[in-house]
Amino acid sequence: MQQFNPYDMAVQQFELAADRLELSEDMREILRKPKRELIVNFPVRLDCGRIKTMTGYRVQHNVNRGPAKGGIRYGPDVTLDEIKALAMWMTWKCAVVGIPYGGAKGGVICDPKNMTASELERLTRRFTTEISIIIGPHSDIPAPDVNTNSQVMAWMMDTYSMHEGFSIPAVVTGKPLSIGGSEGRNEATATGVLFTTRRAALRIGMPLKGARVSIQGFGNVGSIAARLFHNEGCKIVAVSDTNGGLYNEDGLDPAMVQRHKLEHGTVATYPRGQRIRAMDVLEVPCDILIPAATEGLITEYNAEKIQARIVSEAANGPTTPAADAILFQKGCLVIPDILASAGGVTVSYFEWVQDLQSLFWDNEDITHRLEVIMNKAFDAVANKADHYHCDLRLGANMLAISRVAEATQVRGIYP
Ligand SMILES: NC(=O)C1=CN([C@@H]2O[C@H](COP(=O)(O)OP(=O)(O)OC[C@H]3O[C@@H](n4cnc5c(N)ncnc54)[C@H](OP(=O)(O)O)[C@@H]3O)[C@@H](O)[C@H]2O)C=CC1
Ligand SMILES: O=C(O)CCC(=O)C(=O)O
């Protein structure tokens with residue numbers, strides 16, 4: 001089996017859309033490569049006194065529609081190609097929901113589950129200092145992603161502000177409310193998944209009430225999606241994390257599963273369900289599948305076995321192009337990542353705007369504004385897909401890429 005490379009996959013998706021848009025080779029050359037790739041190697045003192053040199057990345061894919069925007073992830077398997085792919089998807093994600101940002105992503109190769117809070121703080125502060133030559137409230141604004149959270153964003157904001165000499169909350173989003181975070185940001189990605197799934201269910205005439213939902217990944221996005229879909233009247237039949245999966249055809253109570261995970265570190269050992277392998281959550285009988293873990297897990301090897309009628313991609317890049325073709329053929333409606341998971345960055349945009357104006361909105365206002373944007377984006381993507389007789393991914397990519405290409409063209413290219 002060939003080694004999965006997320007950047008190759010992102011470029012392959014890009015080329016499919018560029019072909020249908022009949023984009024010139026010159027424009028493709030500009031859009032397929034990241035604008036900036038920063039690699040930093042930096043020392044971190046561990047609690048035992050040893051110094052470990054860590055490697056981190058910040059990639060800005062495109063900034064023609066506004067400042068670069070995108071999360072920071074920590075993990076042992078982070079690679080530059082993964083971060084390049086995620087940065088490119090951020091460019092398309094911001095364009096598809098029409099918020100004035102380009103795309104970026106960052107990451108550090110580390111093992112966060114085996115690091116103490118003080119080691120993570122030192123890592124975060126040093127990494128922020130290293131990438132502060134390219135981040136800033138008007139140039140590139142990080143946010144949380146896999147294995148990072150509001151505490152990590154608080155350390156980033158504090159470190160950046162220390163160097164400037166005064167508080168600059170707008171340098172990162174996803175912060176705690178007490179230092180300029182926004183109402184609704186923590187739940188925003190999962191809320192966006194719910195809004196787009198409601199729209200998709202309407203499109204295929206499937207009631208959400210009573211729908212069986214399987215969720216891969218039980219972190220920020222997956223666990224909150226479980227709660228929101230449960231509140232919507234859906235039955236959460238399967239969940240998983242890195243330790244394994246859990247299935248119960250009668251439905252799981254997300255709050256109880258969450259409590260079990262907090263106490264035992266995994267959902268897989270929750271007693272009121274049948275233990276299954278982590279990858280099996282993709283194949284259990286269900287109506288809606290929510291991949292909320294990581295890239296490249298739905299492939300040509302398991303797509304045929306997916307039983308869901310809707311796949312709502314909360315994760316970035318969960319489905320390979322070969323799997324996309326199989327799912328489209330089967331009549332499974334895939335809400336692509338750049339649309340389904342755009343609720344997070346949309347509320348990050350609200351957070352940034354609130355920080356810049358020092359005037360804050362309430363939760364109701366945030367949720368309403370998010371719903372308007374997500375519904376409008378879903379309808380625009382669906383119209384594109386209907387017009388071109390293609391799946392929603394190609395529709396979303398065509399919409400997004402044409403918007404970025406137009407911005408690039410109208411700004412002019414220096415001869
Ligand atoms: N946070 C955000 O605002 C946004 C996140 N996303 C995307 O959503 C996805 C999840 O992010 P987020 O929830 O923030 O990250 P978290 O780190 O909070 O959670 C990730 C979850 O995925 C699980 N996981 C990782 N790999 C696997 C695997 N192979 N099989 C099963 N479970 C797995 C982890 O398990 P364990 O608990 O055991 O570690 C964890 O439960 C990512 O693709 C991210 O890029 C997209 C838009 C915004
Ligand atoms: O909130 C943000 O700015 C970015 C979130 C993110 O990294 C993503 O949507 O993948």
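The domain bounds come from an automatic or database domain assignment. This is a predicted model, in which local features need pLDDT of at least 70 and side-chain atom pairs count only at pLDDT 80 or more, while totals for chains, interfaces and linings use all residues. Residues are numbered from 1 along each chain as its sequence is written, and chains are lettered from A and ligands numbered from 1 in the order in which they are written.

**Entry 1: ligand 1**

I found 25 residues around ligand 1, of which G217, G219, T242, A315 and G344 are the closest; a residue is near a molecule if its C-beta atom, placed from the backbone, lies within 6 Å of it. Two or more residues come from each of α7 (220-231) and β7 (235-241), and α7 gives the most, with three residues. Helices (H or I, at least four residues) and strands (E, at least two) are DSSP runs, numbered from the N terminus. By class I noted nine nonpolar, 14 polar and two charged residues in this shell. Here Ala, Val, Leu, Ile, Met, Phe, Trp, Tyr, Cys and Pro count as nonpolar, Asp, Glu, Lys and Arg as charged, and the others, Gly among them, as polar.

**Entry 2: ligand 2**

I then turned to ligand 2, which has 14 residues around it, with G71, A143, G344, V345 and S348 nearest. The elements giving two or more residues to this shell are β3 (68-75), α3 (80-96) and α11 (343-357). I recorded three nonpolar, eight polar and three charged residues in the shell around ligand 2.

**Entry 3: the domain contact**

I read a separation of 26 Å between the C-alpha centres of domain 1 and domain 2. In the contact, 13 residues of domain 1 meet eleven residues of domain 2, contact being C-beta atoms, placed from the backbone, within 7 Å. On the domain 1 side, α1 (6-21) and α3 give two or more residues, and α3 gives the most, with seven. I classed that side as eight nonpolar, three polar and two charged residues.

**Entry 4: α7 and α8**

Finally I examined α7 against helix α8 (residues 254-264): their axes are 9 Å apart and the packing angle is about 160°. The contact involves S223, A226, R227 and H230 of α7 with P254, A255 and Q258 of α8.

Definitions and conventions:
Axes are lines fitted to C-alpha atoms, for helices over the stretch in contact, and angles run from 0 to 180 degrees between N-to-C directions. Two residues are in contact if their C-beta atoms, placed from the backbone, lie within 7 Å.
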